Amino acid sequence: MKSPFLHMRPMFFGSVLGVGGLANGWRAVSRLWGVSPLVGETLAVAAFVLWLLWAALYAGKWLRYPEDARREIGHPAQGLVAALAPVATLIASMAIGPHVPLLGWSLFACGALGVLAYAAWSVGGLWQGGRNTEAMTPVLYLPTVGGGFVAAMASATFGQPGLGWMFFGMGFFSWISMESVFLTRLFQHGLPAELRTTLGMQLAPGAVACVAYLSLSPGPVDRVALALFGYGCFLALVMLRLMPWLRQQPFGPGAWGYTFGISALPLAALRLIEQGAGMPVEALAVPMFIAANLIIGWIAMRSLVLVGRFLRGTARPTPVAGE
């Protein structure tokens, strides 16, 4: 049986984003409607434990199998998935911060620095060219767009709104500049089945941007927040229309790539209600939240089945290109 370090993939950090996003949704439900905080805090601790597990395995992979780790981050289509590591660290900081403030602050500082360093390194590589059409996938969003918006949320959580707006700018303008690149690739070439879970990262920016914006603007809801939420809802409808096409890719760890957007959209709706939004957001929030719990729960159960198959030796690890 191969070492668990070799089975480790950066995409596994996506589970931290999905579970952590769902935890924040339950925290919002608790504040809004007096639901017991137990569910939200249990999910938050679960997100932190997942981060701790993946961080230990990923660090071990770099220490024991550095060539395999370098090969993964050098992959033209999927290499930048490694950006999930510092982004997940920020999610873990927000999950554990209310329980262990010093640990939360430490993870926030490490995650923010990691996001900034990895974004600068990856964009510097992109600016040197040499990337073909097949390598233009929504994974390119992760270092700057995903990292910027999540760092903005974490900055607001830890009382650093000025820093948060700077990270928001990094995420927003990177999103706007990259969107047309990905859409042009999709319009002209589509995506092969083994890369279609990367579209989960196309779903996330509108909803995550809305949550980040609301975190930094605690006053009454304005039109910018509603516009971001509206775009997130539109992308969710597009993903529903694409479900038969998306399901042509077999289930694997990449399915967690959908979960951040899936959890962020109802969280955005709940935060909008907290800050004074009325209809139609109120009508959408509960169905979206129920759907997010069901979908992420289904992905978690399928993942546990997959882990069981690995342990029994009846399944093979997903290759990098097909995560």
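Residues are numbered from 1 along each chain as its sequence is written. In this predicted model, local features need pLDDT of at least 70 and side-chain atom pairs count only at pLDDT 80 or more, while totals for chains, interfaces and linings use all residues; side-chain values use heavy atoms, with hydrogens and water left out.

Two packed helices are described by the angle between their axes and the distance between the axes. Helices here are DSSP runs (H or I, at least four residues), numbered from the N terminus. Axes are lines fitted to C-alpha atoms, for helices over the stretch in contact, and angles run from 0 to 180 degrees between N-to-C directions.

Helix α7 (residues 141-157) and helix α9 (residues 200-216) have axes that come within 8 Å and cross at roughly 25°. That makes the pair roughly parallel (angles under 35 degrees; over 145 is roughly antiparallel, 65 to 115 roughly perpendicular and the rest oblique). The crossing of α7 and α9 is left-handed, meaning that the near helix is turned anticlockwise from the far one by less than a right angle. Contact denotes heavy atoms within 4.5 Å. On the α7 side, the contact residues are Tyr141, Leu142, Val145, Phe149, Val150, Ala152, Met153 and Ala156. They meet Met201, Gln202, Pro205, Val208, Ala209, Val211, Ala212, Ser215 and Leu216 of α9. By class, this contact holds 15 nonpolar, two polar and no charged residues. Ala, Val, Leu, Ile, Met, Phe, Trp, Tyr, Cys and Pro count as nonpolar, Asp, Glu, Lys and Arg as charged, and the others, Gly among them, as polar.

The axes of helix α6 (residues 101-126) and helix α8 (residues 161-189) come within 13 Å. They cross at roughly 30°, so α6 and α8 are roughly parallel. Their crossing is left-handed. Phe108, Ala112, Val115, Leu116 and Ala119 of α6 make the contact with Leu163, Phe167 and Met170 of α8. Eight nonpolar residues form this contact, with no polar and no charged ones.

Helices α10 (residues 223-241) and α12 (residues 259-274) have axes that come within 10 Å and cross at roughly 150°. The two are therefore roughly antiparallel. This crossing, too, is left-handed. From α10, Ala225, Leu226, Phe229, Gly232, Cys233 and Ala236 take part. Their partners in α12 are Leu265, Ala268, Ala269 and Leu272. The contact of α10 with α12 has nine nonpolar residues, one polar and no charged.

Single residues come next. Arg9 lies in the loop between α1 (4-7) and α2 (14-33). Arg9 counts as buried, at 9% relative accessibility (buried is under 20% relative accessible area, exposed over 50%, partly exposed in between, with a 1.4 Å probe and protein chains only). The side chains of Arg9 and Glu72 make a polar contact (3.5 Å). A polar contact is a pair of N or O atoms within 3.5 Å; within protein, one must be able to donate a hydrogen and the other to accept it, and residues adjacent in sequence count only if both atoms are side-chain atoms.

Ser15 belongs to helix α2. Ser15 is buried, with a relative accessible area of 4%. Neighbours within four places in sequence aside, Ser15 is in contact with Leu50, Trp54 and Trp256.

Gly254 sits in the loop between α11 (243-246) and α12. Gly254 is buried too, at a relative accessible area of 2%. Most peptide bonds are trans. A cis peptide bond, with omega about 0°, joins Met279 and Pro280. Pro280 lies in the loop between α12 and α13 (281-312).
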